[in-house]
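Please examine the structure shown below before reading on. The paragraphs that follow explain its helices, its loops and some of its backbone details.

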Amino acid sequence: MLKAAGAAAGAVGIGTAAGVGTAVPAAAAATTADGSFAHPGLLHTRTDLDRMAAKVKAGARPYTAGFAKLTANRHAQSGWRANPQATVYRGSGTPENYRILYNDIHAAYQNALRYHVSGEEAHADTAVAILNAWSGKLTALEGSADRFLAAGLYGYQFANAAELVRDHGDFEFGRAKELLLDVFHPLSDDFLTRHNNAVVTNYWPNWDLTAIACVLATGIFCDERAIVDRAVEYFKHGDGMGSVKHAIPVVHEDGLAEWVEAGRDQGHALLGVGLMGTVCEMAWNQGIDLYGYDDSRFLKGAQYVAKWSLGGDVPYTANTRKKGAIGGWSGSETASDVAVADPAMTRPIWAMIANHYTKRRGLSASYLTRAAAKAAPEGGGGDYGPNSGGYDQLGFGTLAFTRDRAADPAAPAPAPNPSGSATTPGASGGGGGVRPQGTVRPQATVSASASPGTGRDLAATGSEEVVGWAAAAGVTAVAGGLLLLRRRGRAQ
């Protein structure tokens, strides 16, 4: 029997300069009562899982269509049997067997998700058996540079599947933790540090983003705060192309921002948006607001890719990146225009992002909304072809991320870590604790000090991010458990 307690989400009220109350929803509670992270708390919280189950039981749309998509997938069947390997290879010139790994991970995730919705314990047992089989045998990831992709993609996915069954009585939690810390995470962390001994711009953003996703998921699953801090810092300020300002280098006045990999091809641009959304969602569920970082820069980039993928015209600024090995060959490559997009191409990435910005935050995101509606009901691994690209996202967003708009978004709620940093004052890494139901966290009271938005698509007046813990100038008082902050003006 699974018995995880979840993290609550809420809103921090923010007033406009004109005195009209708007709201920026807060991220979920950042830590448990003992200072460890909230669990389940990667892509899905206890609140999320309970919502899915209740909506499907009630026959509510589109949840029922999303659940039907899940139950129809061959990976989501309780008869799935794992085929663990001691060494997984990915990349040319190697005896590739990585398809076995990603198929098994998706089977574990889909069975675990199906259990939480239906309550059928056979699916939880299947997920546990798959994960235990791999944690008991896998010792290495090898191959060409593509081994870093394997580490990043399948590391974050393994962690998410394991998070859903971490409290199952038969789950080998210690072995799963060792597998993440000893096999997946080292490669991803090393890539963010050394980039396979290449110049830092040699690899397109997706390479960094797979690594960030793995590092972040590992840190949360294993309650390793320093690892989470590492992922968050790289997302914001990393030197590689996957940090947010390098992946989305140009912001336009119309509220769209160029996704640099749109100059490469549509498939990789969609992958990048999905990965960055995955990172933002996992962080959000621990009280870290990367969705809103830098005046919601990710929203602007995701809207750009959604518009382009739907067949719309978007600008593109020529981008030249250096390539080569450190101490070896060198060169450069220029992407001079946006690639041709096929409106029929899709990935299961849009529901999560669209629901965050339109339902949690109450912003207008018309292109995201249209892309999500077109892709619905979103499936998962096995629904988008047999090749690895069809397994890059865990999917099922129509079921998992569809949410109602907050009934009273201005009401006070548990405060997140307002900086978007993983470091919470007084908190330290812990092991596996669960925040008791009803625990109340201090609330942040914010007053208006910035001009309202201009009314363009995503420049809603409530989209400014709250000043961080480290921004001492924004802290006006700390008393009685309340943190009084000023709102920071819109980034230029």
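Where is the place of aspartate 294? Aspartate 294 is found in helix H11, where helices (H or I, at least four residues) and strands (E, at least two) are DSSP runs, numbered from the N terminus. Aspartate 294 is not a glycine, although its phi is positive, at about 55 degrees. Most residues other than glycine have a negative phi, and most peptide bonds are trans. Aspartate 294 is buried, with a relative accessible area of 15%; buried means under 20% relative accessible area, exposed over 50%, and partly exposed in between, with a 1.4 Å probe and protein chains only.

The model is a predicted one, in which local features need pLDDT of at least 70 and side-chain atom pairs count only at pLDDT 80 or more, while totals for chains, interfaces and linings use all residues. Residues are numbered from 1 along each chain as its sequence is written, and side-chain values use heavy atoms, with hydrogens and water left out.

The protein chain can now be considered as a whole. It contains 14 helices and eleven strands. Of its 492 residues, 58% count as buried. Contact means heavy atoms within 4.5 Å. Among the contacts in the protein chain with a separation of 6 or more, 76% are accounted for by residues 24 or more positions apart.

Helix H11 (residues 293-309) has 17 residues, and from its first C-alpha to its last it reaches 24 Å, close to the 24 Å expected at 1.5 Å a residue. The expected span of a helix is 1.5 Å times one less than its number of residues. Because 17 of the 17 residues of H11 are buried, this helix is largely enclosed by the rest of the structure. Glycine 311 follows H11 and has a positive phi, near 105 degrees.

Helix H7 (residues 205-221) may be read in a similar way. Its 17 residues should span 24 Å at 1.5 Å a residue, and its end C-alpha atoms are 24 Å apart, which agrees. In H7, 17 of the 17 residues are buried, so the helix is largely enclosed by the rest of the structure. Aspartate 223 follows H7, and its phi is positive, near 55 degrees.

The next topic is helix packing. Two packed helices are described by the angle between their axes and the distance between the axes. Axes are lines fitted to C-alpha atoms, for helices over the stretch in contact, and angles run from 0 to 180 degrees between N-to-C directions. Helix H3 (residues 98-118) and helix H4 (residues 121-135) pack at an angle of about 150 degrees, and their axes are 7 Å apart. H3 is therefore roughly antiparallel to H4; angles under 35 degrees count as roughly parallel, over 145 as roughly antiparallel, 65 to 115 as roughly perpendicular and the rest as oblique. The residues of H3 that meet H4 include Ile100, Leu101 and Tyr115, and those on the H4 side include Ile130, Leu131 and Trp134. The residues of this contact of H3 with H4 divide into eleven nonpolar, three polar and three charged. In this classification Ala, Val, Leu, Ile, Met, Phe, Trp, Tyr, Cys and Pro count as nonpolar, Asp, Glu, Lys and Arg as charged, and the others, Gly among them, as polar.

H4 also packs with helix H6 (residues 173-194), at an angle of about 55 degrees and with the axes 9 Å apart. H4 and H6 are therefore oblique to each other. Here Asn132, Trp134 and Ser135 in H4 meet Arg175, Ala176 and Leu179 in H6. By class, this contact of H4 with H6 has three nonpolar, two polar and one charged residues.

Helix H12 (residues 350-360) and helix H13 (residues 366-375) pack at an angle of about 140 degrees, with their axes 9 Å apart. That makes H12 oblique to H13. The contact of H12 with H13 has nine nonpolar, two polar and no charged residues.

The loops complete this account. Glycine 379 is in the loop between H13 and helix H14 (397-401), and it is buried, with a relative accessible area of 0%. The C-alpha atoms of glycine 379 and phenylalanine 396 are separated by 4.7 Å, although these residues are 17 residues apart along the chain. A cis peptide bond joins histidine 39 and proline 40, with omega about -10 degrees. Proline 40 is in the loop between strand E2 (21-26) and helix H1 (46-57).
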